[in-house]
Amino acid sequence: TSAFQSIDLVPPDIQFDITRRFLADSNNDKINLGQGAYRDENGQPWVLPSVKMAKAELGEFGHEYLPILGLKSFRDEATRLLYKGTRAFTENRIASCQSISGTGALILAALSLKRLHSAPDSIYITSPTWVNHQMMFSTIGYQVKELPYYKDGAFDFDAFTAALGQAKPGSTVVLHTCAHNPTGCDPSKIQWKAIGSIMKERGLFPIFDSAYLGFNSGSFHDDAWPIRYFLDELNVELAVCLSMAKNMGLYGDRVGLVSFATLSQDTAQIAESVMQNVQRSTITTPPAYGARLASIVLSTPAIREQWQKDLLTMSGRIKSMRKRLYDELILLETPGDWSCIITQSGMFAFLGISKTQIHHLEKKHHVFMVETSRMSVAGLNENNVQRFAKALDETVR
Ligand code: PMP
């Protein structure tokens, strides 16, 4: 008998399956709003000019293993980028470890926290959230609990804070630093302050899932504000899981960083030693290529300046597509309130249309998006926005 006979087939990942269906569709006017990856004004993947400059600088570097904690120059640059100006940074209270993009960062942070923190093994995520949160944290043995996050096109502050106020003291809470996936709705600064107070009062440990820093507003510094607020105003310990997939367009190169800001240099050292040990026992060392590019981008003034422009190009194009789509729908007098398209921000808009309508969009109009009604705004451009607006109009009438 086979060792595998008691196992059922696992259905394909919903998000990756949309890309598969999109690629298999032979229609010339098909539109992919499924995958959360930036596309330029021609609907093509975009290699950032800053990354092209870094590639030209790179030269031959061989193929040796990186240290377990990753490329030192990348860790230093990314840590400075995140924390410069905070007391934790000045006082050298930050542990860091290079990770396999944001996904690997979350796994590494959550595994390390199990060893570092004597808290109950509960982790709170927002509902809805990025589909992988539930799977990842339950795979590594956490009890995953949900905090209501969204209502009627906006962040549901009252429901979220009420639930947070009931969370088990000492638990971990995963917060989206900006550009919440899938809703595109972030807390305001005032709301962040209230969230921070509740978390501090209940001794909840924040993991800032930071997959879109710089991609949201065009400024990395502005997008990272909640992290600095928690550190400097609340003086709490926290983890940041940083991905460079979106903000440098290094999706497939898997560049990320876990950092823990702790209350003392000693505890930061302990945290780093634990991460090193967890890294060794899971992946040994992280990949080198993307980290070298990111390190060059961040450490070379002229290239870094170009990167800041690139962030504005990406975030600006997405913002203008939100406006274009909204204006088209108003022009068509499409039934419903579509203002969420312009009030939400980041890669995604959460349209609030039904599964049946989403299936109809795919079957009749060759428009592909996730069943939750999350659309990747980056999939729109001048050549398809009108067609999409018309398709949506026809669908909801
Ligand atoms: N967190 C969130 C909220 C995300 O949306 C993503 C990307 N879809 C990630 C983490 C991780 O992405 P990656 O592993 O590609 O960096």
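Predicted model: local features only at pLDDT ≥ 70, side-chain atom pairs only at ≥ 80, totals over all residues.

Analyst: Two residues are taken to be in contact if their C-beta atoms, placed from the backbone, lie within 7 Å. Not counting residues up to four places away in sequence, His 176 touches Thr 126, Asn 181 and Asp 209. His 176 has 24 other C-beta atoms within 10 Å, and a residue is called buried if that number is 20 or more, so His 176 is buried. In sequence His 176 is 35 residues from Ala 211, and the two are 8.1 Å apart in space, C-alpha to C-alpha.

His 176 also belongs to the residues around the ligand, among which are Asn 181, Asp 209 and Ala 211. The element that gives the most to the shell is helix 5 (residues 101-116), with three residues.

Returning to the strand that carries His 176, five of the five residues of strand 7 are buried, and the strand is described as mostly covered. In a regular strand the side chains alternate between the two faces of the sheet. In strand 7, Thr 172, Val 174 and His 176 point one way, whereas Val 173 and Leu 175 point the other way.

Strand 8 (residues 205-210) pairs with strand 7 in the parallel sense over five bridges, and within this pairing Pro 206 in strand 8 is the bridge partner of Val 173. Six of the six residues of strand 8 are buried, so strand 8 is largely enclosed by the rest of the structure. Asp 209, which His 176 touches, points one way from strand 8 together with Phe 205 and Ile 207, while Pro 206, Phe 208 and Ser 210 point the other way.

Strand 7 (residues 172-176) also pairs with strand 3 (residues 122-127), again in the parallel sense, but over two bridges. Val 173 in strand 7 is the bridge partner of Tyr 124, and Ile 123 stands opposite Thr 172 in strand 7.

These pairings belong to an open sheet of seven strands, in the order 2-10-9-8-7-3-4, with mixed pairing. Its edge strands are strand 2 (94-100) and strand 4 (143-148), each of which pairs on one side only. From one strand to the next the twist averages 25 degrees. Helix 3 (residues 72-83) packs on this sheet, where it touches strand 2, strand 9 (238-243) and strand 10 (255-261), and the direction of helix 3 makes about 115 degrees with that of strand 2.

Helix 2 (residues 49-58) packs with helix 13 (residues 301-331) at an angle of about 155 degrees, their axes being 7 Å apart. Helix 2 and helix 13 are therefore roughly antiparallel to each other. In their contact, Pro 49, Ser 50, Met 53 and Ala 54 in helix 2 meet Ile 303, Gln 306, Trp 307 and Asp 310 in helix 13, and by class these comprise five nonpolar, two polar and one charged residues.

Note on methods
Residues numbered from 1 in each chain as written. Pairing = 2+ DSSP bridges. Helix = DSSP H or I, 4+ residues; strand = E, 2+ residues; numbered from the N terminus. Axes fitted to C-alpha atoms, helices over the stretch in contact; angles between N-to-C directions. Parallel < 35°, antiparallel > 145°, perpendicular 65-115°, else oblique. Nonpolar A, V, L, I, M, F, W, Y, C, P; charged D, E, K, R; others polar. Near = placed C-beta within 6 Å. Buried ≥ 20, exposed ≤ 12 C-beta atoms within 10 Å, placed from the backbone.
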